[in-house]
Structure formats: C-alpha cells, structure tokens
Amino acid sequence: MSHSNQYSTLAVAAPRRFDYWKEVVCRHCLAADSKPLTQSDFDGALEVNGMGPLDICTLSSPLHYWERAPRHLRSGPDEDLWLGFTRRGYGELEQAGRKATLAADSLFLYDASQTFRFSLGGTENHLVRIPRQLLSQRLPGVSGCTAVVLDDRRPGVIPLREMLHQAASIPASFQDEGLSSRFSNTLLDLLAISLELQDLKTTHDELDLYGRIMNYIRQHLTDPDLSIERIAQVHYVSTRTVTRAFARYQKTPVAEIWKERLIASREAIERGQVRSISQAALDFGFSDFSHYSHAFRKAFGMAPHTLLRRN
C-alpha cells in the first residue's frame with residue numbers, strides 16, 4: 001500500500017536538529033549510531049514513499065556517519081536489503097570486509113542483517129528498502145554483492161538508475177497499487193540482472209591493488225607530487241598496471257585523485273577547517289580557483305562558498 005512522509009530539520013531548533021534527524025531516519029530506515037561530520041548547523045530533508053513492497057527514502061543532508069553494530073542486530077534484528085543510489089551524493093560504505101567509495105550516480109547494496117559503517121552526504125540520495133526474499137529468490141547469494149559499486153559498463157545498471165530516479169522524483173505517478181507493484185517488480189528484476197552480470201570474479205591481485213592505491217591516494221591528497229607515476233613507483237608496478245586496475249571500475253587514476261581531493265576539500269569546508277575557498281583549493285592541490293569552483297559545483301551541485309557561508 002502506498003504511503004508518503006516528509007521531514008525537515010528546518011522546523012526544529014538548531015541544537016536539536018541532528019537528534020531529530022537521527023530519530024526520523026532510524027524510524028524509517030535502520031537502528032544505528034550516528035554523528036555529524038560537520039560543524040555547521042545540520043540541515044536535512046527526508047522523504048519516504050511506498051512503492052509496492054518497497055520503501056524509497058530520499059535524503060539530502062551534510063555529510064554524516066552511521067554505524068550499525070552487533071548490539072543493534074540483537075536489539076532490532078532486520079533481514080531487509082537496501083539499494084542505495086547517490087544521485088548527487090557522496091560517502092563511503094564498509095560491510096563484510098569490503099569498502100566502497102560512493103560518488104555521484106553510485107549504485108550499491110547493503111545488508112541490514114550485518115554490521116556496517118556508512119558515511120553519507122549530498123542531495124538526492126535514494127535508499128530503497130527491499131524485503132530480503134524478493135531479491136534472494138531472484139538472485140541466491142545476493143549477500144555477497146554488498147558494499148560494491150555497480151559497474152555501469154555492465155548491462156542493466158544505467159536503466160536501473162533511471163527507473164529508480166523516476167520512482168523517487170515522481171512518486172504520485174505510482175499511486176495505483178497494481179501499477180506500483182508491477183513497476184517495483186520490474187525494478188527488482190533489473191537489479192537482479194545487473195548484479196548477476198557484474199564482474200564479481202575480478203582477479204584478487206588487481207582488486208587488492210586498486211584498494212591499496214585508493215588508500216594511498218586518500219592519505220596523500222595534499223602531496224603536490226601525487227601522480228600516476230608516483231603511485232606506480234611506491235607500489236612497485238608499472239603505470240599501465242595502475243591504469244588497468246582502475247579501468248576495471250571504469251575509472252582513471254587521475255580522475256580519482258581529483259575526485260578525492262574535491263571530497264576532502266568539501267569535508268574541510270563543512271568541518272570549519274579552512275577559512276576561505278582559496279585555502280580549501282590550495283590545500284588540496286587546486287591552483288586555479290575558477291577551475292576549482294567549477295569542478296566543485298559540477299560534483300556537488302552547489303558552489304563552495306555556499307558551504308563556507310553556512311559555517
């Protein structure tokens with residue numbers, strides 16, 4: 001049966017906003033510990049719409065952190081699977097020994113029956129609650145697909161993103177119960193196909209190399225000498241091997257370096273760690289302020305000075 005709920009922290013006094021946010025998100029999503037990762041006032045909006053057997057939660061908020069620990073599994077057991085779509089968001093997800101870096105247009109799964117760590121920020125983040133049996137009957141072993149960003153070179157991923165965007169952005173179109181059920185079943189079929197056709201047997205060596213390189217990049221974002229040549233040198237491989245490891249994810253090392261620098265600069269602004277946009281740009285390797293502002297707006301849908309004013 002369809003339903004709709006909307007929440008905003010703007011109606012709450014500033015000191016209580018994050019507590020209110022945590023309360024409504026836990027009520028509609030999952031019990032977990034949470035904390036803000038910014039020093040600015042927390043402005044969040046949540047919309048929850050039912051579509052057949054699915055719930056679609058759309059969140060817009062500053063970067064914040066969630067952790068579902070063993071005590072949450074004991075006190076509030078939940079078997080649902082969750083499909084995430086960071087249309088204009090960003091963050092990171094850790095579950096079952098895997099870690100996924102989330103950027104704009106990432107599609108990923110996580111499992112309510114397992115512990116996880118999850119940071120999330122930005123606008124138009126869609127989280128879809130899926131009753132476990134509806135997906136596991138389509139794809140046995142689906143729990144092995146969590147905390148992996150779906151590769152959109154594989155069939156099904158791009159139309160799946162579009163279906164999810166439409167379901168979240170025009171929920172009134174799915175008020176008819178029969179139509180809503182048919183649409184959600186089609187979405188689940190497409191999700192199962194997309195997962196089944198992922199390259200989940202990628203060689204361990206290149207998966208491990210990609211993970212190690214991403215950790216190295218995040219630890220050296222302010223290093224002016226950070227480059228593909230430097231990365232290859234410290235990992236004792238060729239630049240071609242580095243490029244191939246990233247190509248498995250339809251990424252390039254250079255693009256990932258600048259993406260991570262943008263994310264880190266945004267976090268620095270949100271946490272009040274920089275006093276100006278020029279400092280945020282220079283601290284993270286951007287010497288051209290105009291290019292930095294343009295790249296920031298393209299990545300996050302807002303100008304960097306907008307966040308600075310909030311702080």
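Start by selecting Ala-147, which is buried at 3% relative accessibility (buried means under 20% relative accessible area, exposed over 50%, partly exposed in between, with a 1.4 Å probe and protein chains only). Ala-147 sits in the loop between α3 (132-136) and α4. Check its backbone: phi of Ala-147 is near 55°, a positive value in a residue other than glycine. Most residues other than glycine have a negative phi.

A word on what you are viewing: this is a predicted model, where local features need pLDDT of at least 70, side-chain atom pairs count only at pLDDT 80 or more, and totals for chains, interfaces and linings use all residues. Residues are numbered from 1 along each chain as its sequence is written, and side-chain values use heavy atoms, leaving out hydrogens and water.

Next, select helix α4 (residues 157-169) together with helix α5 (residues 177-196): they pack at an angle of about 150°, with their axes 9 Å apart. So α4 is roughly antiparallel to α5 (the term for angles over 145 degrees; under 35 is roughly parallel, 65 to 115 roughly perpendicular and the rest oblique).

Now show the side chains in contact (heavy atoms within 4.5 Å). From α4, pick Val-157, Pro-159, Leu-160, Met-163, Leu-164 and Ala-167; from α5, pick Phe-183, Thr-186, Leu-187, Leu-190, Leu-191 and Ser-194.

Finally, move to Tyr-236, in the loop between α7 (228-234) and α8 (239-247). Is this residue buried or exposed? Tyr-236 is exposed, with a relative accessible area of 77%. Tyr-236 also has a positive phi, about 60°, although it is not a glycine.

Conventions
Axes fitted to C-alpha atoms, helices over the stretch in contact; angles between N-to-C directions. Helix = DSSP H or I, 4+ residues; strand = E, 2+ residues; numbered from the N terminus.
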